[in-house]
Amino acid sequence: MHANAFDVERAEQDELQEHAADAFASELLLPAAGFVDAWAAAAGLPLLERVLVVKRRFRVGWRLVAARATERLSPI
């Protein structure tokens, strides 16, 4: 995402750029509209099962699903 900032000789990372790249990637892997549909389809399940259903559907980590649920839907 920030190709001009990439330098293999540098070990440190710009945290702001890393956060922006992570947010961009998470939107590609777990689009907002798809997440809302999948989350609604899993309604009625216990929270852990609901997270795992969405996780399996999109093949992403449970932390991404939990973070998306926290930021998009309040309360879970």
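A salt bridge is counted where a side-chain nitrogen of Lys or Arg lies within 4 Å of a carboxyl oxygen of Asp or Glu. By that rule the structure holds 2 salt bridges. This is a predicted model, in which local features need pLDDT of at least 70, side-chain atom pairs count only at pLDDT 80 or more, and totals for chains, interfaces and linings use all residues. Residues are numbered from 1 along each chain as its sequence is written, and side-chain values use heavy atoms, with hydrogens and water left out.

**View 1. Glu27, Arg68 and Glu71 are linked in a network of salt bridges.**
Side chains of opposite charge can pair when their charged atoms come close. Glutamate 27 meets arginine 68 at 3.8 Å, N to O. Glutamate 27 sits in helix α1 and arginine 68 in helix α4, so this pair ties together parts 41 residues apart in sequence. Helices are DSSP runs (H or I, at least four residues), numbered from the N terminus. Glutamate 71 also bridges to arginine 68, with the closest N and O atoms 3.2 Å apart. These two residues, glutamate 71 and arginine 68, are 3 residues apart in α4, about one helical turn.

**View 2. Arginine 68 is buried, at 1% relative accessibility.**
Buried means under 20% relative accessible area, exposed over 50%, and partly exposed in between (1.4 Å probe, protein chains only). Glutamate 27 is partly exposed at 32%. Glutamate 71 is exposed at 55%.

**View 3. The second largest pocket has a volume of about 160 Å³.**
A pocket is an open set of points on a 1 Å grid over the protein atoms alone, where a 1.4 Å probe fits, with protein on both sides within 12 Å along at least five of seven lines; lining residues have an atom within 4 Å of a point. The volume is the space filled by probe spheres set on the points, which are joined across faces, edges and corners. The lining includes His19, Asp22, Leu64 and Arg68. Helices α1 (15–29) and α4 (62–72) each give two or more residues to this lining. The most come from α1, with 5 residues. By class, the lining has 3 nonpolar, 2 polar and 4 charged residues.

**View 4. In helix α2 (residues 32–41), Gly34, Phe35, Ala38 and Trp39 are buried.**
They cover an arc of only 130° around the axis, which puts them on the same side of α2. The arc is taken from the directions from the helix axis to the C-beta atoms. On the other side of α2, Ala33, Asp37, Ala40 and Ala41 are exposed. The buried residues of α2 pack against α3 (47–58) and α4, where contact means heavy atoms within 4.5 Å.

Conventions:
Nonpolar A, V, L, I, M, F, W, Y, C, P; charged D, E, K, R; others polar.
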